[in-house]
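Trainee: I have a structure open and would like to learn how to read it. Could you walk me through it?

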Amino acid sequence: MSGKLIIIESGSDASGKATQSELIYEKLKNEGVKVRKVQYPNYESESSTLVKMYLRGDFGKNADDVDAYIASTFFTADRYASYKTEWEDFYKEGGVVIADRYTTSNMVHQASKMAVEDRDKYLDWLDDYEYGMFKMPRPDVVIFLNVPVEFSRKLMADRMNKFTGEKEKDIHERDAEYLERTYRNSLYIADKYGWKIVECIKDGELRSIDDINNEIYKIVHEVL
Ligand SMILES: Nc1ncnc2c1ncn2[C@@H]1O[C@H](COP(=O)(O)OP(=O)(O)O)[C@@H](O)[C@H]1O
Ligand SMILES: Cc1cn([C@H]2C[C@H](O)[C@@H](COP(=O)(O)OP(=O)(O)O)O2)c(=O)[nH]c1=O
């Protein structure tokens, strides 16, 4: 009996994914749920080497310098290594997995590089690649934190780069036009795939961490 796979995604970097995933993980653990949390990219693993090279600009200084299909394969391979070595058995034995980013991040970030008329073709290819060829599980629910770029930019400003531990930004984060385009693309994707949208802005302000988490918690319990 397979378990459940719950994804926390967004259309903007620095939007509370890590914060919310951790809170949900802790709540479920305290309830006695057999739960694990994973995060992608898996920077601690050797499997993220090509992802790190890509994000620091070794293959091109701008996100658009690296073709969406090529960049996607780096992230997919990193995910596959984590799935096979860390959580496949746990999941197949009924465990609940909370993922901060997943295939959904390729959908949001890499599809935004495609011309609009080529986007669906890429999305179909990605679906077949990750869920068909690599046989990674499909999510039971994708919880989409809707944080427009102008808000996430503020949260990102002081945050450290996750793999260098310094303030320097990766090739996605330092490209304002790319971030805007990615955010717009994410709204299209969230709608197309029926993701559960959590509106994080209310009356022009970012909602509190706990307020957002209470909404996420309800969605999670609907699928458990
Ligand atoms: N609702 C919120 N209100 C205020 N600050 C927040 C909120 N959610 C997250 N933060 C802060 O924003 C920063 C980025 O959050 P994080 O969870 O690391 O985002 P992500 O995983 O999407 O990059 C962190 O410093 C975090 O404490
Ligand atoms: C997991 C994943 C991330 N990405 C992108 C999203 C981010 O811009 C970047 C690095 O992810 P991450 O370090 O988690 O970004 P942040 O903490 O700022 O939210 O890689 C993909 O393009 N495809 C993927 O499959």
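Mentor: Gladly! Let's start with a term: two strands pair if DSSP finds at least two bridges between them. Keep in mind that this is a predicted model.

Trainee: How many bridges join strand β1 to strand β3?

Mentor: Look at β1, residues 4-10, and β3, residues 96-100, which run parallel. One example is Leu5, whose bridge partner in β3 is Val97. Pairing needs at least two bridges, and the number joining β1 to β3 is 5.

Trainee: Which are the edge strands of the sheet?

Mentor: The open sheet has 5 strands with parallel pairing, in the order β2-β3-β1-β4-β5. An edge strand pairs on one side only.

Trainee: At about what angle does helix α7 run to β4?

Mentor: Find helix α7 at residues 176-192 and β4 at 141-146. The helix lies across β4 and β5. Its angle to β4 is about 145°.

Trainee: Now the ligand! Which helix gives the most to the shell around ligand 1?

Mentor: The shell has 14 residues, and Lys17, Ala18 and Thr19 are among the closest. Two helices, α1 (17-30) and α8 (209-223), each supply at least two shell residues. The one that gives the most, with 3 residues, is α1.

Trainee: How much of the area that ligand 1 exposes alone does the protein bury?

Mentor: First, a backbone N or O atom of Ser15 lies 2.9 Å from an oxygen atom of ligand 1. Taken alone, ligand 1 exposes 560 Å². Of that area, the protein buries 74%.

Terms used:
Residues are numbered from 1 along each chain as its sequence is written. Chains are lettered from A and ligands numbered from 1 in the order in which they are written. This is a predicted model: local features need pLDDT of at least 70, side-chain atom pairs count only at pLDDT 80 or more; totals for chains, interfaces and linings use all residues. Side-chain values use heavy atoms; hydrogens and water are left out. A residue is near a molecule or strand if one of its heavy atoms lies within 4 Å of it. A polar contact is a pair of N or O atoms within 3.5 Å; within protein, one must be able to donate a hydrogen and the other to accept it, and residues adjacent in sequence count only if both atoms are side-chain atoms. Accessible areas come from the Shrake-Rupley method with a 1.4 Å probe; for residues, only the protein chains shown count as cover. Helices (H or I, at least four residues) and strands (E, at least two) are DSSP runs, numbered from the N terminus. Contact means heavy atoms within 4.5 Å. Axes are lines fitted to C-alpha atoms, for helices over the stretch in contact, and angles run from 0 to 180 degrees between N-to-C directions.
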